[in-house]
Amino acid sequence: MMQTASRVPLALKLAYTAYMAVLIPVYWHYYGPTNFLYFCDVALILTLIAIWPENALLISMCAVGIVVPQALWVADFLSNAAGFSLLGMADYMFDANRSLFLRLLSLFHGWLPFLLIFLVWRIGYDRRAFWSWTALAWVLLLISFFLLPPPTPNPGLVPVNINYVWGMSDYAAQTWVPSYVWFAGQLIGLPLLAYAPTHFVLAHLMPKAR
């Protein structure tokens with residue numbers, strides 16, 4: 001039986017796996033297991049699972065889910081570098097109380113979206129990704145809102161306000177609208193404003209998954 005040639009370079013698979021072999025135990029030690037419920041960390045792990053068998057659905061889901069949010073993270077990181085906080089998403093990267101090593105590991109927020117776009121280009125885009133990621137995101141949001149810690153004035157390294165279900169700050173909940181309105185806005189707004197546009201672009205520009 002003829003085998004399909006790999007569409008992802010072996011060196012890339014090895015490099016990504018080596019990076020994750022460092023990140024997972026370090027994050028688990030310093031942040032604990034709940035840190036892996038952030039959308040970005042879920043995407044990291046799904047990409048690790050998918051990159052070796054070149055699973056188009058998992059790669060496509062991650063691309064749909066994080067390209068827009070991580071673009072906002074990059075914008076916030078650059079604004080912090082310029083001297084002001086735009087959204088608060090990347091403020092921790094400039095917190096001298098946090099280990100430089102941990103902050104360097106967190107730079108994946110900047111390169112992971114580009115890696116996923118590359119992988120989708122090589123493997124193909126699976127059109128089921130939008131609804132698959134949306135369902136996963138809803139589950140993660142429900143867990144984050146109802147089961148995990150809300151913002152607190154001094155969280156330290158303990159993950160709080162995971163996936164920003166209480167607002168953009170880890171130190172205090174937003175006060176613009178009632179908490180349930182903010183949460184409902186995430187359930188509806190993320191698929192409409194972040195996932196659907198990404199799905200539309202990828203579906204039209206990327207090759208269809210085989």
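Biologist: How do the residues of the lining of the largest pocket divide into nonpolar, polar and charged?
Modeller: The lining has 26 nonpolar residues, 11 polar and five charged. Keep in mind that this is a predicted model.

Biologist: And how many residues line the largest pocket in total?
Modeller: There are 42 of them. Y38, M89, N163, Y164 and M168 lie nearest the centre of the pocket.

Biologist: How much space lies in the largest pocket?
Modeller: About 1,000 Å³.

Biologist: Which helix gives the most to that lining?
Modeller: Helix 7, with seven residues. Helix 7 covers residues 179-205. Helices 1, 2, 3, 5 and 7 each supply at least two residues.

Biologist: Which residues of helix 1 are buried?
Modeller: K13, Y16, Y19, M20, L23, V26, Y27 and Y31.

Biologist: Why would residues three or four places apart point the same way?
Modeller: An α-helix has 3.6 residues a turn, so residues at that spacing point the same way.

Biologist: What covers the buried residues of helix 1?
Modeller: The cover includes helix 2, helix 4 and helix 5. Helix 4 is residues 100-105.

Biologist: What follows helix 1?
Modeller: G32 does. The phi of G32 is positive, near 90°.

Biologist: Now T47. Where does T47 lie?
Modeller: In helix 2, which spans residues 39-51.

Biologist: Is T47 buried or exposed, and why?
Modeller: Buried, because its relative accessibility is 0%.

Biologist: What does T47 touch, leaving out residues up to four places away in sequence?
Modeller: T47 touches Y16, I59, C62, L116 and L119. Y16 is one of the buried residues of helix 1.

Biologist: Change of topic: W131. Buried or exposed?
Modeller: W131 counts as exposed, because its relative accessibility is 59%. W131 is in helix 6, residues 129-147.

Biologist: How far is W131 from L192, in sequence and in space?
Modeller: The two are 61 residues apart in sequence. C-alpha to C-alpha, they are 11 Å apart.

Biologist: On to charges. How many salt bridges does the structure hold?
Modeller: Four. One of them pairs D126 with R128, the closest N and O atoms being 2.7 Å apart.

Biologist: Are D126 and R128 buried or exposed?
Modeller: D126 is buried, at 11% relative accessible area. R128 counts as exposed, at 52%.

Biologist: Which residues do salt bridges with shared partners join into one network?
Modeller: R7, K13 and E54.

Biologist: How far apart are the closest N and O atoms of E54 and R7?
Modeller: 3.3 Å, in a salt bridge. E54 sits in the loop between helix 2 and helix 3, and R7 in the segment before helix 1, so the pair ties together parts that are 47 residues apart in sequence.

Biologist: Are E54 and R7 buried or exposed?
Modeller: E54 is buried, and R7 is too.

Biologist: Last one. What does R98 form a salt bridge with?
Modeller: D95, with the closest N and O atoms 3.9 Å apart. R98 counts as buried at 17% relative accessibility. D95 is partly exposed, at 23%.

Methods. Residues numbered from 1 in each chain as written. Predicted model: local features only at pLDDT ≥ 70, side-chain atom pairs only at ≥ 80, totals over all residues. Heavy atoms only, no water. Helix = DSSP H or I, 4+ residues; strand = E, 2+ residues; numbered from the N terminus. Buried < 20%, exposed > 50% of the residue type's maximum accessible area, 1.4 Å probe, protein only. Contact = heavy atoms within 4.5 Å. 1 Å grid on protein atoms, 1.4 Å probe; cavity = no way out; pocket = protein on both sides within 12 Å on 5 of 7 lines; lining within 4 Å. Points joined across faces, edges and corners; volume = space filled by probe spheres on them. Nonpolar A, V, L, I, M, F, W, Y, C, P; charged D, E, K, R; others polar. Salt bridge = Lys/Arg side-chain N within 4 Å of Asp/Glu carboxyl O.
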